[in-house]
Amino acid sequence: MTRRLLIRATGTARPGQLAGLGKALAASGARLLDINQSVTFGILSLEALVGLAHESDLEGALATAGDALGLDIQAIQVSAEDYQRWSATASQPRLILTLLAPHLPAGILAEVGALTAEHGLTVELIHRLSGREPLDGGVPGEHDAIQGACVECWLRGEEVDLDALREKALALGAMHGVDIAIQEDSIWRRHRRLVCFDMDSTLIQTEVIDELARRHGVGDEVAAVTERAMRGELDFQQSFRERMAKLRGLDEAVLAEIAESLPLMDGVERLMRQLKRLGYRTAILSGGFTYFARHLQETLGFDEVHANELLIENGKVTGEVREPILDADRKAELLRQIAEREGLSMEQTIAVGDGANDLKMLAAAGLGIAFRAKPLVRQQASHSISTLGLDAVLYLIGYRQGDLEEPSR
């Protein structure tokens, strides 16, 4: 009858410990069933589940190895019932819970622990994706590091109501100033290949149509309509035509002035550098204007842009755009068309936006992210980022800060 033991080793990490422990297990005829090891602040923690088909003094061999290796080693008997329970848990679907914030309060761990326990989920692994925080309180890592802190938790459990879990996580995060994203783990999670962005208030820190209106002397009127449209209170096409009509007669020269001074969103340059380096295809799908989307394409290197084209006659804005208007349905349709053209499944797509006009695109994507979005959008989107810059999207894809630091040459 097979005897199963959980081997637990802790102590100050040093080279050769795994080799020494492995030799002791091999000499006793142990069969390796599972193993995990981590080193935190120089302290090694190793757990190995082994099976023994015949009697041997494994405990004695481990005690001798522990003395030689500077490790405290325990051997814990695992019953057949516990082994079966472990095997069943390992086959359960995994969820990835990501915590993002400028600084993570310690109290969030207790809250997340209670939330996951309430839904019958076991925390299988917790690890940090962000770089180590320096002692002087500066920015972690190199000059190209993502700002803020990020911790990823792997969860396992039976079928869970994801919508209910996300709703509670959203409320919990709002209480603590922390973004909590929950996604299902799958082979696609780190094999996304296409990222599509809204432009206004996502890639840039403004709504261009409001800037145009301000320069034309109708700023307050247009801004009020824009705000209602972004909150989902007005039909996009209706509100868009209403706002466009107020821009009739605007001088074309104003477009160039605004394009040159567009305030980029925090982290967008860093995000685009990394996405290009990692081989992602990128696109702008905007209810704004091609004039400004193409400017961002030239500046940041987007592969393609789709937006509304302003009609200009005799150097003046006519107050109309070329049909069809790029609305919520058109954004989702373009996302699917680009994915199909590139030979990608929808699971390999990411969409990022902030307004009600982005919701259908976010829902269609394999990973839809509401970025610094209106409350309605945060509630309806599967994932949201509000506390960090746009480059935090890289954390939701699963990259560590260490993955993103290019080696110096």
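Which helices and strands each supply at least two residues of the lining of the largest pocket? In this predicted model, the elements that do so are the strands β1 (3–12), β2 (31–40), β3 (43–52), β4 (72–78), β6 (122–128) and β7 (149–156), together with the helices α3 (80–90) and α16 (401–404). The lining of the largest pocket comprises 40 residues, and the space inside amounts to about 1,400 Å³. Nearest the centre of the pocket lie N36, S38, E124, L125 and I126. Sorted by class, the lining holds 17 nonpolar, 12 polar and 11 charged residues. Rolling a probe the size of a water molecule over the atoms shows where empty space is left.

Helix packing was examined next. Two packed helices are described by the angle between their axes and the distance between the axes. Helix α1 (residues 17–27) packs with helix α2 (residues 58–69); their axes come within 9 Å and cross at roughly 160°. Angles over 145 degrees count as roughly antiparallel, and α1 and α2 are therefore roughly antiparallel to each other. The crossing of this pair, α1 and α2, is right-handed. On the α1 side the contact involves Q17, G20, L21, A24 and L25, which meet L58, A61, L62, A65 and L69 of α2. Of the residues in the contact of α1 with α2, 8 are nonpolar and 2 are polar, and no charged residue takes part.

Helix α4 (residues 107–118) and helix α5 (residues 162–176) form another pair, with axes that come within 11 Å and cross at roughly 165°. The helices α4 and α5 are therefore also described as roughly antiparallel to each other. Their crossing, in which α4 passes α5, is right-handed. Helix α4 contributes I108, E111, V112, L115 and E118 to the contact, while α5 contributes L165, K168, A169, L172 and H176. The residues of the contact of α4 with α5 divide into 6 nonpolar, 1 polar and 3 charged.

The packing of helix α6 (residues 208–215) with helix α9 (residues 253–260) is described by an angle of about 130° and axes 11 Å apart. That angle makes α6 oblique to α9. The crossing of α6 and α9 is right-handed. In this pair E211, L212 and R215 of α6 are in contact with α9, which takes part through V254, L255, E257 and I258. The contact of α6 with α9 has 4 nonpolar and 3 charged residues, and no polar ones.

Two features of the backbone remain to be described. Most residues other than glycine have a negative phi, and most peptide bonds are trans. At S201, a residue other than glycine, phi is positive, near 65°. S201 is placed in the loop between β9 (194–197) and α6, the helix that packs with α9. The peptide bond that joins E323 and P324 is cis, with omega about -5°. P324 has its place in the loop between β13 (316–321) and α12 (328–341).

Note on methods: Residues numbered from 1 in each chain as written. Predicted model: local features only at pLDDT ≥ 70, side-chain atom pairs only at ≥ 80, totals over all residues. Heavy atoms only, no water. Axes fitted to C-alpha atoms, helices over the stretch in contact; angles between N-to-C directions. Helix = DSSP H or I, 4+ residues; strand = E, 2+ residues; numbered from the N terminus. Parallel < 35°, antiparallel > 145°, perpendicular 65-115°, else oblique. Left-handed = near helix turned anticlockwise from the far one by under 90°. Contact = heavy atoms within 4.5 Å. Nonpolar A, V, L, I, M, F, W, Y, C, P; charged D, E, K, R; others polar. 1 Å grid on protein atoms, 1.4 Å probe; cavity = no way out; pocket = protein on both sides within 12 Å on 5 of 7 lines; lining within 4 Å. Points joined across faces, edges and corners; volume = space filled by probe spheres on them.
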